[in-house]
Amino acid sequence: MLLAEITDTGLAALTYGIGALGPGIGIGYLVGQSVQAMARQPEAAGMVRTTMFLGIAFVEALALIGFVVFFLGQA
Amino acid sequence: MFALHFPPLTHITHWPDFALKNTPFGMNKIFLIYMLAALFTILIFVLGNKKRMVPTGLQNLAEVSVEFIEDGIARETMDIEYKRYVPLLTALFFFIFFTNIFEIIPVFQMPASARIALPLFLALAVYLVWIGAGIASHGPLGFFKHMLIPPGVPVGLLPIIVPIEIVSNFLVRPFSHMVRLFANLLAGHILLVTFTVLSASLWTAKWYAVFLPLPVFGVIFFVAFEILVSFLQAYVFTLLTGVYINSAASHEH
């Protein structure tokens, strides 16, 4: 009985899933460190927040390139 | 099991022309969104141009918006004289924000950035602007030396570093700039359509309709999330434009 089958769509979905691991950890670490920085020195909160958004943009771009790869890999 | 059929992706991204069909100037929903967003952006520039010293009403709105860009984005990211780039950043931010916000407006419900044409051309325009700003500031040869040779690198490592810097600065930057905006908006659109299709098919189901509050709550939550994402993606695009222009044109030594 066929329980699972490797197809193009399945491989593409797996590709995206593995590709979303790194950015998940990265964004979590980044926001955690920036919250800690804002708590240590509240008067620097504005600058830390702007740099946090910048960092999130760079890291999230990798996850989204993976998302685009999913659509390219579909049949 | 549920006999759910998700519509093929072309149904939610390719819209039929509603005027001037079968000509190269055919107008569809995406065109209408572009025109409306451009109209609102031009409105901000026009309304801020009135000369009352103490602004009131709509002029106040336009001035607050421009101050948000100038203090929040331009002053934060640019060491060079930033005032000449504020009009570009304002136009970019508000145009992208208005094309994104049409995702949640009831009749349209389509983010125009989910078709790759808009992010492609905006990223290309920003690419040309920061290369031009860098060449104007350093001279052609000085610009490439500034971008490709980081300070304090031993000369023996340069054959490795320079190709990496070429790929990272001149190829990956505009590509990632474009893909970030495009994929975020497309993903949000697909998410909203998924929950809506699920709600619609559960509405006409037999007893599965008891699960109906879940996708409806999902749609409500994701509409709120999409408002945040629309603003954030426009903000990040404009922020990165400022950062790229700064990295190209600044004299740091």
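Colleague: What share of the contacts in chain B with a separation of 6 or more comes from residues 24 or more positions apart?
Modeller: This is a predicted model. In chain B, residues 24 or more positions apart account for 62% of those contacts.
Colleague: How many helices and strands does chain B have?
Modeller: Chain B has eight helices and zero strands. Read from the N terminus, its elements run α-α-α-α-α-α-α-α.
Colleague: And what does the C-alpha trace of chain B span along its principal axes?
Modeller: The trace spans about 70 × 55 × 40 Å. Of the 253 residues of chain B, 30% count as buried.
Colleague: Turning to the contact between the chains, how many residues come from chain A and from chain B?
Modeller: Chain A contributes ten residues and chain B twelve.
Colleague: Which helix of chain B gives the most to the side that touches chain A?
Modeller: Helix 7 of chain B does, with six residues. On that side of chain B there are eight nonpolar, two polar and two charged residues.
Colleague: A new topic: at what angle do helix 1 and helix 3 of chain A pack?
Modeller: The angle between helix 1 (residues 8-19) and helix 3 (residues 45-73) of chain A is about 175°, and their axes are 8 Å apart. Helix 1 of chain A is therefore roughly antiparallel to helix 3 of chain A.
Colleague: Which residues make that contact?
Modeller: Among them are A:Leu11 and A:Tyr16 of helix 1, and A:Phe67 and A:Phe70 of helix 3. By class, the residues of this contact are eight nonpolar, four polar and one charged.

Note on methods: Residues numbered from 1 in each chain as written. Chains lettered and ligands numbered in written order. Predicted model: local features only at pLDDT ≥ 70, side-chain atom pairs only at ≥ 80, totals over all residues. Contact = placed C-beta atoms within 7 Å. Helix = DSSP H or I, 4+ residues; strand = E, 2+ residues; numbered from the N terminus. Nonpolar A, V, L, I, M, F, W, Y, C, P; charged D, E, K, R; others polar. Buried ≥ 20, exposed ≤ 12 C-beta atoms within 10 Å, placed from the backbone. Axes fitted to C-alpha atoms, helices over the stretch in contact; angles between N-to-C directions. Parallel < 35°, antiparallel > 145°, perpendicular 65-115°, else oblique.
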